[in-house]
Structure formats: C-alpha cells, structure tokens
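Please look at the sequence and the structure shown below, and keep both in view while reading.

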Amino acid sequence: MSVETILKTKGSNVFTVRPEHTVAEAAALLTNKKVGVAVVCDAKGKLVGVLSERDIVKGLTQYGKGALEMAVRNVMSSPVVTCGPSDTVKGIMEVMTERRIRHLPVVEKDDLLGIVSIGDAVNFRLHEAQMEMNVLRDFAATR
C-alpha cells in the first residue's frame, strides 16, 4: 500500500508557516491546531523546512526564552526528508525509524500534497493487518 492511500483517508490538510514567522507564532499554531509539526514554506510556497515540537524545545535549550521571538528559520529542520505519494507505507516507516522523525511531507514535482505521521502509518498497518486476519478467519471458517 502507498502513501497516497493514507492521504485519501486522512486528507491533505497541511499547516504551514513562513520562515520569518516567530517561533512563538508557530508554537501557537501547533497548539491551536493540535498538531506536532508545521511545514515551513517560502513566499512562493516552496518547502524549505519543517518545525516540530522537538525543534522548538531544542531552540529553547540552545537560546533560552529568546528563542520564542526568533524567526522559525533559526530553529527549523532543514533540509527536509520527504516522501512521494507512490512510496510504500512500509518504506516510509523504515525512513522514519532510521532518521528518528515522526512526520514526512508528501511531495510530488515540488508540490506539497500532504503530510504523513508515524501514527498515520502505524494505524494504516494495523488496519491492514486486521483486514488480513479477517480474510484468513473467513477462509478457515469455510473449509
């Protein structure tokens, strides 16, 4: 199964911030939207980074309270690890585990299509395993 299948289920809504926004503004967005990451896009909409809760905590540790008034560009993660809509769920789970990241923007030809989280991938795999178990149970019951 592919990333595209996850996006069809969860939708393609992505919360973005600009590199010049303050970390405090971005943190408010994350809190209000109840998400753990925002994608950082420039004025032309080009993906330039991601800002996660972890990035904010790292910024606070490095710069103290002043980090909240700093521009997002100073604490965001960049370059961004991305995936494509045709990537497999298993493949993105491996990337996330190896890189110790929880979110992957989904990009095709420089267009941001959505974002998938490790939770999205795990839920998808659990649902897939449940369906396989049901098919096997039905098959065994008919024999």
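In this predicted model, Arg73 forms a salt bridge with Glu20, and the closest N and O atoms of the two are 3.9 Å apart. The pair ties together distant parts of the chain, since Arg73 lies in the loop between helix H3 (53-63) and H4, whereas Glu20 lies in the loop between S1 and helix H2 (23-33), 53 residues apart.

The structure holds three salt bridges, and one of them joins the side chains of Asp120 and Lys10 at 2.8 Å, N to O. This pair, too, links distant parts of the chain, with Asp120 in helix H5 and Lys10 in helix H1, 110 residues apart. Asp120 is buried, with a relative accessible area of 19%, while Lys10, with 39%, is partly exposed.

We can now turn to the strands. Three of them form an open sheet in the order S1-S2-S3, and the pairing is mixed. Strand S1 (16-17) and S3 stand at the edges with a single partner strand each, so one side of each is left without a neighbour in the sheet. Strand S2 (residues 37-41) pairs with S3 in the antiparallel sense over five bridges. Which residue of S3 stands opposite Val37? Opposite Val37 stands Ser52, which belongs to strand S3 (residues 47-52). Leaving aside neighbours within four places in sequence, Ser52 is in contact with Gly36 and Val37, and Ser52 counts as buried because its relative accessibility is 16%.

Another pairing is found between S4 and strand S5 (residues 111-117), which run antiparallel and are joined by six bridges. Here Leu104 stands opposite Val116 in S5, and in the hairpin of S4 and S5, which has two residues between the strands, Lys109 takes a positive phi near 55°.

In soluble globular proteins, nonpolar side chains tend to be buried together. The largest nonpolar core of this model has twelve residues, among them Leu104, Val116, Cys83 and Ala121. Helix H1 (3-10), helix H4 (89-99), strand S4 (103-108) and helix H5 (118-141) each supply at least two residues of this core. Apart from it lies another core, of eleven residues, including Val17, Val23, Ala38 and Leu51. Within the largest core, Ala121 touches Ile6, Val89, Ile92 and Met93, not counting residues up to four places away in sequence.

The structure accordingly holds zero disulfides. Cys41 counts as buried at 8% relative accessibility, and Cys83 is buried with a relative accessible area of 5%.

Key. Residues are numbered from 1 along each chain as its sequence is written. This is a predicted model: local features need pLDDT of at least 70, side-chain atom pairs count only at pLDDT 80 or more; totals for chains, interfaces and linings use all residues. Side-chain values use heavy atoms; hydrogens and water are left out. Helices (H or I, at least four residues) and strands (E, at least two) are DSSP runs, numbered from the N terminus. Buried means under 20% relative accessible area, exposed over 50%, partly exposed in between (1.4 Å probe, protein chains only). Contact means heavy atoms within 4.5 Å. A nonpolar core is a set of buried Ala, Val, Leu, Ile, Met, Phe, Trp, Tyr and Cys residues joined through side-chain atoms within 4.5 Å. Two strands pair if DSSP finds at least two bridges between them. A disulfide is a pair of cysteine sulfur atoms within 2.5 Å. A salt bridge is a side-chain nitrogen of Lys or Arg within 4 Å of a carboxyl oxygen of Asp or Glu.
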